[in-house]
Every structure is written in C-alpha cells, then in structure tokens.
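Come along and look things up with me.

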Amino acid sequence: MVPALDAPLFVRWVAAAADGLERHRAEIDRINVFPVADGDTGSNMLLTLRAALAEVEGAADPAAALAKGALTGARGNSGVLLSQVLRGVADAVADRGDLAAALDAASVAARSALSRPRPGTILTVLEEAAGAAAGKALPAAAAAAADAAERAVRQTTAQLPELARAGVVDAGGLGLYVVLDALAGLVTDREPTETVPLPATTGRPPLRSREALVGDREGGSVDFEYEVMYLLDGVNRRAADVLRDELDELGDSVAVVGDGAGTWNVHVHCSDVGAVIEAGLTVGRPRRITVVRFGDTPAPGAAPPDAWFVKARAVLMVVTGAEVAELAGEAGAQVLERDPDQQVGDDELAAALAATRARHVVLLPDDAELTTVAEKAAAKARRTGQDVVVIPTSSVLQGLSALAVHDPHRRAGDDVVAMAEAAAGTRTAGLMVAESEALTWVGRCEPGDVLGISDGEVVLIAPDLAVGALWLAHRMLTAGGEIVTALLGADADPALGEGLALDLRRTHPEVDVIVHRGGQTDFPLVLGVE
C-alpha cells in the first residue's frame, strides 16, 4: 500500500528531520556564511523543529499544531523559512494534497516572505525539490525531492558569490536537504544520509572552520549589528507587506511570514532596534521580541572584553537644562547636558559614550535632529569594542519614559526592547508663545498668543498658558492615555502645573498626572502622554 501524506506521517517526518539535523548541526553551523556568518543555521533549524514538535502534544490537529509551533518558535532566518515548509505540508495534509503541492506552496510562501530573495539559497533548493516531486506518488516524490535537493545544494556555491568566496554550499539549503532526506528514509528503504553535499564547481574542498568563514569579524552581518525577531497577531496581508517594505529600508535579511490566520513572524538584521520595533507597532502589537547582537556570540578564539570597561551597562541621555539633567540622573542615566541652541557633533557624543566606561550603552538623543548624529557616534564607539544601541527618542519625555522601564538586571536585548516600546508609546507636545503675527494651520495668531505644537505643527491657539495647557492636554488624551507628564519651563509659574494637575484629576480621574520642573527655555510647558 502506498503511504499517504497524512498527519501521523507528518509528525514522524518532523521527528526524523529533527534527528537528522541533530546529527548534522555542527557541519551546517560550520559552513554558515550567508546571509551572515553567525554559525547558527543548523542550530536554528533544529530548534524550530523542536518547537514544532512541542506544540503537537495533546493537539486535536497535529498537522496544524506542527505548522503553528514552527511559526511561533522559528529561530533565525533559516528557521523562519523552514516554518513555511511545515505550513505548506500542513495545508497539503488538510487538503489531501501531495508532496509536490506542499513543497510548491512552501516555495511560493517563502519567496513572498523575503524582501530580497537571492539565488543559491534555501529558496533555490526548495524550488528544485518541488519540481522534482511533481507527478509522482509519495515514495518516488520524496526520493526525487531529496535527490534534487542534494544536486541543488551542490550548485549553490556557484550561484552565490558569498558562498563561492568561502568555498562552501548554502547552509540553509543543506539543512533543507537533511529534512527532505528524512522523509525519503521513512517512505522508502533508503537510509538517512551520513554525509553532506560538497560544492560542485569550486574545484576545492569547503572550508572546515568557522574562523576561516568569519575572517576578522566576530560573526554576524557586515552592515548590521543586530538580529531582531518578533510575532504579530491580527495583522492582514496588506499590512504585513507594508511592514516588510518598511523593514527593508532599515536592514537586510528581512522575512515576514504568516500562518494565513493573521499571525506573523518577523525577522530582520538591523542596527536601529528601536525603529524596527516601532515599525511593528504601527501595524500591531509585537510580542515574544528577541534581540541578538551578532558580536554576543564571538568566534572561537575571539579576544575577551577589554579590561578598560569597568561596568557592563549604562544609559546615556542627551538633555537641555540642569533640572532635566537632574531628573535623568536620578532615574539612572549618565547625562550629556547641552544648551538649547548648541550643536552636538558625533565626536562629542562618541567621547561621552566612552566616558561611561560601560561595555553596553543605550543612547537616548531626545531630539529627532540628533538621531543621525547619534548613529554616527554609535558606529565609532562600536569600532572600539563598545556595544551601543540608539533608541531614537525625539523628546526628553520619550527619554524619561524609556528610563522609567530600564532594568540593568534584565538581559541587555530585552531591556532595549522594553525601553524602545516605552519611548514609542509616549506622545509629546508643547506650548510656546507667539512672537509675531502669523498664519497657522488652525488660524491666524497674534503676538502673545499661546501656540500648542505637536509634531512640528501648530494644533491650537489659546489666550494664555493656563488655558493652552488644558486644551492641549485634553486634545492629547482623546487618543487615550494612562500617564500625563508635564515639564515646566525655566520661567514657568508653578501654578501652571498645579492648575493643570487639578483639572486633569477632575476631568480624567483615570489618568496619573506627574509635574516636574524641566528648566527648558524654548517651551514654557512640555506634555507627554503614555
């Protein structure tokens, strides 16, 4: 009797594939050079299959459970793409389809998930396997798919320059071959492979050490410092496509894959962790966020941390005004204080980063115009061995919100995520006094009028600061909020903050109101809503 591609076989296949990846994990990790030489492709594919198997226990629909577990537990770029193979198979099981249909659906889904698909990768191997399986019963289809995958893996060296320079085959493609070979072993009398394919065209054996692949770099991307992954729920295809395009502007190795029911797994290599998380926040609520710095897993023999660093963690915040500097210092930050009109250069910021004497630093520029300068300073600091992440805070209140959730005892990547989310969730606006007559978006203002400013635009005109503060706060709270923070300017009357707090406690009793003396000279009052 010809075996069918059903749920019990699917479960056995994933278990056998996990065993195969366990046997060959070290070999696959060792040749991992694309998209980044971080030596974890075999491990990530294995962990993805283990996550899939863990979801099966007690599940009413084992096939769907395998696909869900692979998607939500996917590790790395290779694990994200492998999850699409399991999704394709799960759909085929549900529809009583064949292996070719499953692999073809997986190929289409995996290719559409990537912002910049490349030949000579797991995608190429998957397409060749799907084509070879077409029109065949399961035993012949499985054997043909595995054999085609082996041939395709050998050819990847000549298809991708990064692989040719290293003299290796594609690690993700090799992992997929191991997975397909496991199925062939279950439905035919062939034994699972004990050897792995070698390059077909280089004329020399593959490199055998990860040090040789990585060269002078301690693993990871040439252009980007971090791998960021998170899950999104309740997001439609159009929003996911928009997110993919936005992430493509922020980094590379972008993959956004879904389960067809609104859950998506997002993967990207980037330097600006905060911007990647903010992009996710525009379409949904990211969860199970992971941030890994490529250098956190150094190559064998890498030098230990420089003894010059005297502490593990620090937060550096750029502020204007002594009062705000004191607030930031009390909240645990080291501070670079500047005058409102003072330009801060990347050299000055790099020096301030070095002065923290911390191995890992979170930099809060607190000014949208300083973000680019901060990124340049961070790049300089990274070249000295310091790990710096810029969270693009555009105001001091966003910086203070990030500081409020900073936990030096939490894992560095998780702490950055929490701080970035807190900053992104804080809306800010301010009051200033018009110095001349002008035409604004909300009408003509006269000298002495109070202007409410949000996102660089005038959103209201009030007769005085007290009325302007109330109007601006109520306007900001129409979108909701739990905490209102007011920063009084250097010359602002304390009664301004007191009156605002009294009104908000009466009209919005559900909101906590915090008033500080900020000491800024450009805005008599700055408001933040979290």
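I started with Asp366, which I found in the loop between strand S7 (358-364) and helix H15 (371-383). I kept in mind that this is a predicted model. The phi of Asp366 is near 60°, a positive value in a residue other than glycine. I noted this because most residues other than glycine have a negative phi. Is Asp366 buried or exposed? Its relative accessible area is 10%, and Asp366 is therefore buried, the cut-off being under 20%.

Next I turned to Ser253, which is not a glycine and yet has a positive phi of about 50°. I located Ser253 in strand S2. With a relative accessible area of 16%, Ser253 is buried.

**Helix H11 by itself**

I then looked up helix H11, residues 237-250. H11 has 14 residues and reaches 20 Å from its first C-alpha to its last, close to the 20 Å expected at 1.5 Å a residue. What caps the N-terminal end of H11? I found Asn236 there, with a side-chain oxygen 3.3 Å from the backbone nitrogen of Arg238.

I listed the buried residues of H11 as Ala239, Ala240, Leu243, Arg244, Leu247 and Asp248. I remembered that an α-helix has 3.6 residues a turn, so residues three or four places apart point the same way. What covers the buried residues of H11? The cover includes helix H5 (99-113), strands S1 (226-232), S2 (251-258) and S3 (264-270), and H12.

**H11 against H12**

Two packed helices are described by the angle between their axes and the distance between the axes. I looked up both values: H11 and H12 (residues 273-281) pack at an angle of about 170°, with their axes 10 Å apart. An angle over 145° counts as roughly antiparallel, so H11 and H12 are roughly antiparallel to each other. Which residues make the contact? From H11 I wrote down Leu243, Glu246, Leu247 and Leu250, and from H12 I wrote down Ala275, Val276, Ala279 and Gly280. These contact residues divide into six nonpolar, one polar and one charged.

**A look at H5**

Last, I went to H5, one of the elements that cover the buried residues of H11. The 15 residues of H5 should span 21 Å at 1.5 Å a residue, and its end C-alpha atoms are 21 Å apart, which agrees. I found Leu99, Ala100, Ala102, Leu103, Ala106, Ser107, Ala109, Ala110 and Ala113 buried in H5.

Note on methods: Residues numbered from 1 in each chain as written. Predicted model: local features only at pLDDT ≥ 70, side-chain atom pairs only at ≥ 80, totals over all residues. Heavy atoms only, no water. Axes fitted to C-alpha atoms, helices over the stretch in contact; angles between N-to-C directions. Helix = DSSP H or I, 4+ residues; strand = E, 2+ residues; numbered from the N terminus. Parallel < 35°, antiparallel > 145°, perpendicular 65-115°, else oblique. Contact = heavy atoms within 4.5 Å. Nonpolar A, V, L, I, M, F, W, Y, C, P; charged D, E, K, R; others polar. Expected span 1.5 Å × (residues − 1). Buried < 20%, exposed > 50% of the residue type's maximum accessible area, 1.4 Å probe, protein only. Polar contact = N/O pair within 3.5 Å; in protein donor to acceptor, adjacent residues only side chain to side chain.
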